[in-house]
Amino acid sequence: MSLAGIPRKLLVLVVLLLSVLGLCLQSALAADEADHIASTVVSSADPIEQALLDVKSEDAAVRSKAVALLIEKGDASLIPKLDAIRAEADRAIRVAIKPVIDLLKNRANLTSEQSDTRRSAAADLVGTGRPEAITWLEQAAAKEPVWWVKYTMEESAQLIQLRSEDQAVQLVAVKKLGELRSQNGLSALKEFVEAGAQSGATNEQRALAEAAQTSVERIDSWSRWASVMETLFRGVSLSSILLIMSLGLAIVFGLMGVINMAHGELMMIGAYATFVTQQAFIAWFSPEMFDWYFPVALPVAFVTAAAFGWVLEATVIRFLYGRLLETLLATWGVSLILMQAARVYFGDLTAVIAPQALRGGAQVMVGVYLPYNRIFIIVLSTICVLGIYFLLFRSNLGIRVRSVTQNRNMSACLGIPTRKVDSYTFAFASGLAGIAGWALTMVGNVDPGLGQNYIVDSFMVVVTGGVGKLAGTIWASLGIGGLNKLIEPVSGAVYGKVFILVGVILFLQWRPQGLFAAKGRNADA
């Protein structure tokens, strides 16, 4: 066919189009070849990078192989890349990548500087069930300096080994969990026991069930001892709370002869003073200074409650000395006024955030966990007892207080200002209630009825111990607080208090003057 009849312009246009198509085809081939070469280079040079490419594959087998490689050889530096891939991928790829990210994060956290982070990572690895985690946990446990974190790592490794298909490995894990007294492995061990009890069980399953039964018995036996120790600690903790509350009440009731039904509300005032101090730190200080609110709130709570007590003594109590029924009714009315005022101003419920040092607790042994806030209250009650002892029995002020309470007329004849002694003694007792409220913000919320939860128990402590006797207050608080926690698991909290009240009534029928009766001249007073 001759090209002479084709217009020249059309011919030029066809040639140009063919040239462009040829260039595009050549560029595409070059790009494919470059990608192939790059992929080959990456594959040969860095299997991790190749796995990052393969994890985006639509082939499930390729993805699974890439995931296994990333788990085996990857580290925390891959997490940002995996997050970026996961953000743009479809659901199947996201599901495949998530366990890789979780595993790599927990593996990195096993070497964290924070012991709580290391322990949490060890516990989280159990949920993955990946056998690779066993090596990580064993290596981390070999270097772990903190006993309880090391225990968690060893326990987690054994819990993962329980899922092994090798019964010899399972048998070793079963025995090790029994030695560790592992509460977390108890349900899995009981499953082995049930499997071995079935009629079609193999000899290996029966051997595994026998070992599991032995481990279960060891764990249950230890759990009973741990429960006893925790109950004793809770009893001492409650006793410490009652003791702090009762110290001020013992001074007011035992030494001054006043039944102060508003003593619980003075404790509530100390708690609200702590809350207000916290809010002031939030509003006026930097977040770095926040934890300092708690030590600052101690003098604030003491002074605020003492001021309220001083006003209460000056306006109500001073006219009612020696008239027990009248002081009971008057202070009960004051307590209702204070509760309603707190409810109107603060609402029904507020909360105080514990400082960092009092959060968490100490794991002293398997199954025995002691919260730091409870330990703090026990230490605080000890300090308060020692402080009151030295104040009342080793200072001039204490001599004046005891002389006025024993013989007011003789004290006045000796030049002691009895009116002032009454005033600052009542204020000091009220301040002790404020300290109790300050401490109680660490173990519960702050509400207008806070003091009502402890006022009855505190009166029982003072009466049972012996009116005006510091040693009796200590022993009675230990007895009533301990019995409360021992009875509660059996009868419940409400019936537990009923039983304690009945026991106190029967005890007072037998010993009306309490544990420590007054001697000498005071016995006739």
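Biologist: In this predicted model, what distance does helix α8 (residues 147–161) reach from its first C-alpha to its last?

Modeller: The model is a predicted one, and helix α8 in it has 15 residues. At 1.5 Å a residue the expected reach is 21 Å, and the helix comes close to that expectation. From first C-alpha to last, α8 reaches 21 Å.

Biologist: How many of the 15 residues of α8 are buried, and which elements do the buried residues pack against?

Modeller: The buried residues of α8 include Trp 148, Tyr 151, Glu 155 and Gln 158. Because twelve of the 15 residues are buried, α8 is largely enclosed by the rest of the structure. The elements that the buried residues of α8 pack against are α6 (115–128), α7 (132–143), α9 and β1 (361–365).

Biologist: Which residues does Leu 159 touch, not counting those up to four places away in sequence?

Modeller: Leu 159 has its place in helix α8, and its relative accessible area of 11% lies under the 20% cut-off, so Leu 159 is buried. Its C-alpha is separated by 7.2 Å from that of Ala 173, which is 14 residues apart from it along the chain. Once residues up to four places away are set aside, Leu 159 touches Val 126, Leu 177, Asn 184 and Gly 185.

Biologist: In the loop between α9 (167–180) and α10 (186–197), what is the phi of Arg 181?

Modeller: Most residues other than glycine have a negative phi. Arg 181, placed in the loop between α9 and α10, is partly exposed with a relative accessible area of 28%. It takes a positive value although it is a residue other than glycine, with a phi near 55 degrees.

Biologist: Are α15 and α18 roughly parallel or roughly antiparallel to each other, and at what angle do their axes cross?

Modeller: Two packed helices are described by the angle between their axes and the distance between the axes. For helix α15 (residues 372–393) and helix α18 (residues 418–440), the axes come within 11 Å. Because an angle over 145 degrees counts as roughly antiparallel, α15 and α18 are roughly antiparallel to each other. The angle at which their axes cross is roughly 170 degrees.

Biologist: Which residues are in contact with Asn 373, leaving aside its neighbours within four places in sequence?

Modeller: Asn 373 also has its place in helix α15. At 15% relative accessibility, which is under the 20% limit, Asn 373 counts as buried because of that cut-off. With the sequence neighbours within four places left aside, its contacts are Leu 358, Met 442 and Val 443.

Biologist: Where is Ser 237 found, and which residues is it in contact with beyond its neighbours within four places in sequence?

Modeller: Ser 237 is found in helix α11 (residues 203–255). Its relative accessible area is 1%, and Ser 237 is buried. Leaving aside the neighbours within four places in sequence, Ser 237 is in contact with Arg 374 and Ile 378.

Biologist: Is Cys 384 buried or exposed, and how many disulfides does the structure hold?

Modeller: A disulfide is a covalent bond between the sulfur atoms of two cysteines. Cys 384 counts as buried at 10% relative accessibility, whereas Cys 413 counts as exposed at 67%. As for disulfides, the number that the structure holds is zero.

Biologist: How many of the 14 residues of α19 are buried, and which residue just after α19 takes a positive phi?

Modeller: Helix α19 (residues 452–465) reaches 21 Å from its first C-alpha to its last, close to the 20 Å expected. Ten of its 14 residues are buried, so α19 is largely enclosed by the rest of the structure; among them are Tyr 454, Asp 457, Phe 459 and Thr 464. Just after α19, the residue with a positive phi, of about 115 degrees, is Gly 466.

Conventions. Residues numbered from 1 in each chain as written. Predicted model: local features only at pLDDT ≥ 70, side-chain atom pairs only at ≥ 80, totals over all residues. Heavy atoms only, no water. Disulfide = S-S within 2.5 Å. Buried < 20%, exposed > 50% of the residue type's maximum accessible area, 1.4 Å probe, protein only. Axes fitted to C-alpha atoms, helices over the stretch in contact; angles between N-to-C directions. Helix = DSSP H or I, 4+ residues; strand = E, 2+ residues; numbered from the N terminus. Parallel < 35°, antiparallel > 145°, perpendicular 65-115°, else oblique. Expected span 1.5 Å × (residues − 1). Contact = heavy atoms within 4.5 Å.
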